Protein chains: 2
Amino acid sequence: MKKAVILLSGGLDSTVALWVAINKGYELYTLSFKYGQKHDRELEAAKKISLKANSKEHKVISINMDSWGGSSLTDKKREVENGEINRNDIPDTYVPARNMIFLSLAASYAESINAQDIFIGVSEIDYSGYIDCRQSFITAMENAINMGTVMAVEKNRPLKIHTPFIDKTKAEEIITGVDLGAPLELTWSCYRGSKKPCGTCDSCLLRAKAFKEAGVTDYALKA
Amino acid sequence: MKKAVILLSGGLDSTVALWVAINKGYELYTLSFKYGQKHDRELEAAKKISLKANSKEHKVISINMDSWGGSSLTDKKREVENGEINRNDIPDTYVPARNMIFLSLAASYAESINAQDIFIGVSEIDYSGYIDCRQSFITAMENAINMGTVMAVEKNRPLKIHTPFIDKTKAEEIITGVDLGAPLELTWSCYRGSKKPCGTCDSCLLRAKAFKEAGVTDYALKA
């Protein structure tokens with residue numbers, strides 16, 4: 001059985017990506033990060049979702065990236081803004097080099113278990129304006145991984161980064177999730193960590209819009 | 001004053017790289033990692049060396065990479081081997097994707113302080129057989145950084161990874177260190193964490209050979 005490492009934040013994108021990996025028949029190794037987010041709601045969701053997916057392993061890596069702040073998600077002095085962000089600006093929630101760090105750690109994990117496949121739920125079409133969600137970056141990162149790991153260079157076992165939603169809208173992704181039976185009701189998208197999603201941050205607004213567009217009920221809001 | 005992020009393990013290579021950055025007139029931001037090594041001797045050295053260098057900041061990032069072991073440096077079940085390793089084998093001390101993870105975090109730190117320069121003391125000539133010490137990997141990683149950070153893509157401020165010793169032997173590096181006044185006596189190379197360097201692990205043997213070749217006394221051994 002082929003193994004795959006799946007980056008699992010506990011949000012919509014990564015959860016549906018996990019169900020794509022299930023559908024392709026991989027043995028699942030999920031990877032989540034505690035990187036200085038101000039709340040643990042996503043990580044709690046990731047844990048439940050991993051269990052539901054019957055992951056072989058679920059690793060949580062802690063990194064004190066809040067050491068240098070730079071984002072309203074990790075910098076205790078900065079508030080998460082309300083409302084939709086201007087897609088031409090750098091969002092205040094941008095965490096410098098986050099996906100690069102996550103993919104590096106995914107490559108390390110993959111090499112240690114001899115997996116050649118990594119899944120990440122990024123999209124170029126429908127995203128929060130993060131530069132590290134683009135295919136050009138993912139391709140460059142895959143190349144770096146394949147120049148810097150023993151399994152790729154010396155054992156002729158290159159790694160592949162799968163981006164099943166790179167050219168999909170969030171609504172299309174939700175429809176895929178429903179088709180594959182992904183537990184969308186367990187996912188957490190809100191940037192804030194209250195008991196219920198705030199409904200006013202950019203991530204909540206993007207999610208609501210996508211569910212509406214997909215014509216699907218968001219049962220996470222009814223829990 | 002231009003800022004540089006310097007990857008500082010507390011060993012010889014990174015310490016001399018730091019003094020190269022000093023010599024080039026950079027404002028210094030040193031970055032060390034607690035990544036599940038079995039001992040803290042290197043990190044204690046890094047702290048002292050940063051102070052000596054008058055670094056503007058010294059950040060220590062903790063990552064529980066021992067979560068998946070894969071190396072005798074982080075896996076508590078594996079012993080560090082004695083003696084020089086066969087340079088054609090993968091050393092037991094290889095930590096999967098370590099430099100990729102460190103460089104990703106260096107890029108994140110650099111972006112958060114708006115620095116365009118990163119220094120890393122790797123060598124292709126005289127090294128422990130680690131795949132991620134080669135220029136081909138460093139170049140691929142620099143490319144990934146420049147595809148995945150806002151400062152590079154949108155602000156036309158690309159990052160550069162400096163590898164001052166990439167084509168140097170460790171003996172040449174030691175001579176450079178002496179010339180620049182680097183505090184070689186404060187550095188720690190031993191893979192084991194006893195009070196004194198063990199003198200029998202691969203890293204101790206490489207170091208002793210290089211000091212001998214350079215005709216320089218290793219005062220770290222006399223401390």
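The following questions and answers concern a predicted model.

Student: How are helix α3 of chain A and helix α3 of chain B oriented to each other?

Tutor: The two helices, each spanning residues 98-113, have axes 9 Å apart. Their packing angle is about 170°, and angles over 145 degrees count as roughly antiparallel. The orientation of α3(A) and α3(B) is therefore roughly antiparallel.

Student: How many charged residues does the contact of α3(A) with α3(B) have?

Tutor: On α3(A) the contact is made by Met100(A), Ile101(A), Ser104(A), Leu105(A), Ala107(A) and Ser108(A). On α3(B) it is made by Met100(B), Ile101(B), Ser104(B), Leu105(B), Ala107(B) and Ser108(B). By class, eight are nonpolar and four are polar, and the number of charged residues is none.

Student: Is Asn64(B) buried or exposed, or does it fall in between?

Tutor: Asn64(B) lies in the loop between β3 and α3 of chain B. Leaving aside residues up to four places away in sequence, Asn64(B) touches Gly36(B) as well as Ile61(A) and Ser62(A). A residue is buried at 20 or more neighbours and exposed at 12 or fewer. With 16 C-beta neighbours inside 10 Å, Asn64(B) therefore counts as partly exposed.

Student: What arc do the buried residues of helix α6 of chain B cover around the axis?

Tutor: The buried residues of α6(B) are Lys170(B), Glu173(B), Ile174(B) and Gly177(B). They lie on the same side of α6(B), because the arc they cover is only 100°.

Student: Which residue follows α6(B)?

Tutor: Helix α6 of chain B comprises residues 170-180. The residue after α6(B) has a positive phi, near 75°, and is Gly181(B).

Technical notes. Residues numbered from 1 in each chain as written. Chains lettered and ligands numbered in written order. Predicted model: local features only at pLDDT ≥ 70, side-chain atom pairs only at ≥ 80, totals over all residues. Axes fitted to C-alpha atoms, helices over the stretch in contact; angles between N-to-C directions. Helix = DSSP H or I, 4+ residues; strand = E, 2+ residues; numbered from the N terminus. Parallel < 35°, antiparallel > 145°, perpendicular 65-115°, else oblique. Contact = placed C-beta atoms within 7 Å. Nonpolar A, V, L, I, M, F, W, Y, C, P; charged D, E, K, R; others polar. Arc of directions from axis to C-beta.
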